[in-house]
Amino acid sequence: MDVGQSASMQIVAKGLKEVVEYMAPSPPPKTGKHRYVFLVFEPADGKSATNLTVPEDRKHWGTGKARHGVRQWASENGLVPVGANFFYSQNDEQ
């Protein structure tokens, strides 16, 4: 635990499987600010979601339609949103 961090702030994740390896934000130089979004979903029926599909393509989550990607993917996989957050990052070389 870091100095100054209280025990109540420490998050412990036991028995969880890493699904996707973390990749730090790395916007290209001279492209301005980039928004990074985190979305949290849970199964709409309250059961475990074990057979999620993988989006075919990064752009629009493989749907080919703007503003449909993640919504359509969640719907197709029986998921509902329960949380979201975002942050901005930019390359130091501007």
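Phe 41 has a relative accessible area of 24% and is therefore partly exposed, a class that runs between buried (under 20% relative accessible area) and exposed (over 50%), computed with a 1.4 Å probe on protein chains only. The model is predicted, so local features are given at pLDDT of at least 70 and side-chain atom pairs at pLDDT 80 or more, while totals for chains, interfaces and linings use all residues. Residues are numbered from 1 along each chain as its sequence is written, and side-chain values rest on heavy atoms, without hydrogens and water.

**Overall architecture**

The protein has 1 helix and 2 strands, arranged β-α-β from the N terminus. These elements are DSSP runs numbered from the N terminus, with at least four residues of H or I for a helix and at least two of E for a strand. Of the 94 residues, 9% count as buried. Among contacts (heavy atoms within 4.5 Å) with a separation of 6 or more, 73% join residues 24 or more positions apart. The protein exposes about 8,500 Å², of which carbon and sulfur atoms supply 52%; accessible areas come from the Shrake-Rupley method with a 1.4 Å probe, and for residues only the protein chains shown count as cover.

Phe 41 and Trp 73 form an edge-to-face pair, at 6.1 Å centre to centre and 70 degrees between the planes. Because Phe 41 belongs to strand E1 and Trp 73 to helix H1 (residues 69–76), this pair ties together parts 32 residues apart in sequence. Ring pairs also link Tyr 36, Phe 38 and Phe 87 into a cluster.

Trp 73 is buried, its relative accessible area being 12%. The buried residues of H1 are Gly 69, Trp 73 and Ala 74. Viewed down the axis of H1, they fall within an arc of 120 degrees and so line one face of the helix, where the arc is that of the directions from the helix axis to the C-beta atoms. These buried residues pack against E1 and E2, whereas the face turned away from the buried side carries the exposed residues Arg 71 and Ser 75.

**Strands and surface**

Gly 83 lies in strand E2. Leaving aside residues up to four places away in sequence, Gly 83 touches Phe 38, Leu 39 and Val 40. The C-alpha atoms of Gly 83 and Val 40 are 4.9 Å apart, although 43 residues separate the two along the chain.

Val 37, Leu 39, Phe 86 and Tyr 88 make a nonpolar surface patch of about 400 Å². E1 and strand E2 (79–89) are the elements giving two or more residues to this patch. Patch residues have over 30% relative accessible area and no salt bridge; like charges are joined within 9 Å and nonpolar side chains (Val, Leu, Ile, Met, Phe, Trp, Tyr) within 5 Å. A salt bridge is a side-chain nitrogen of Lys or Arg within 4 Å of a carboxyl oxygen of Asp or Glu.

| Residue | Relative accessibility | Class |
|---|---|---|
| Lys 30 | 61% | exposed |
| Phe 86 | 46% | partly exposed |
| Gly 83 | 28% | partly exposed |

**Backbone features**

Lys 30, in the segment before strand E1 (34–43), has a positive phi of about 60 degrees although it is not a glycine. Just after H1, Gly 78 takes a positive phi of about 70 degrees.

How values were computed. Rings of Phe, Tyr and Trp (its six-membered ring) pair if their centres lie within 6.5 Å; planes under 30 degrees apart count as stacked, over 60 as edge-to-face and the rest as tilted.
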